[in-house]
Amino acid sequence: MGQAKNRGSLEDRIKQAQEKKANTETITISEAMKKLNLPESAQFSGYVIHLPESDEFLANIDETEEMVKYAYAKTPIFAKKYENAEDAIAIAKEIEKHKIYVCGFFEDDTQIWVNDVWSNFD
């Protein structure tokens with residue numbers, strides 16, 4: 001946790017997301033790891049949904065006929081992980097009342113990294 005703060009203020013991260021959104025380049029996980037200067041020990045574990053304003057991560061979805069309940073975690077380790085970005089983006093699009101990032105989730109024995117790949121805001 002705290003990696004987002006290392007990338008700057010909320011305004012800086014929003015600007016970075018907007019720049020990424022304008023750039024539609026698709027890269028592999030290996031290329032992303034190199035671009036992010038992640039250590040070789042880092043492993044990609046999936047995609048997570050991050051709410052930047054509250055700095056929380058989607059942890060669980062409980063859906064019934066009457067309602068949909070979303071649970072959020074303060075730490076990315078408890079985030080619900082999706083195998084591919086498309087699945088995470090589809091869920092993120094359903095959460096309309098929050099600004100959201102879909103992020104790649106990387107980890108090794110000592111550290112966690114999340115890096116945004118999509119957002120629902122400009």
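Let's start at Glu-56, which lies in strand E2. Strands here are DSSP runs of E with at least two residues, and helices are runs of H or I with at least four, numbered from the N terminus. This is a predicted model, where local features need pLDDT of at least 70, side-chain atom pairs need 80 or more, and totals for chains, interfaces and linings use all residues. Residues are numbered from 1 along each chain as its sequence is written, and side-chain values use heavy atoms, leaving out hydrogens and water.

Glu-56 is buried but has no salt bridge. Buried means under 20% relative accessible area, exposed over 50%, and partly exposed in between (1.4 Å probe, protein chains only). A salt bridge puts a side-chain nitrogen of Lys or Arg within 4 Å of a carboxyl oxygen of Asp or Glu. A polar contact is a pair of N or O atoms within 3.5 Å, one able to donate a hydrogen and the other to accept it within protein; residues adjacent in sequence count only if both atoms are side-chain atoms.

| Side chain | Relation to Glu-56 | Distance |
|---|---|---|
| Ser-54 | polar contact between side chains | 3.0 Å |

Now for the sheet around this residue. Five strands form an open sheet in the order E3-E2-E1-E4-E5, with antiparallel pairing. Strands pair if DSSP finds at least two bridges between them. The edge strands, E3 (68-73) and E5 (112-119), each pair on one side only. E2 (residues 56-63) and E3 pair over six bridges, and Asp-62 has Lys-69 in E3 as its bridge partner.

Finally, Thr-110 sits in the loop between E4 and E5 and counts as exposed because its relative accessibility is 73%.

Notes. Lys, Arg positive; Asp, Glu negative; His and termini not counted.
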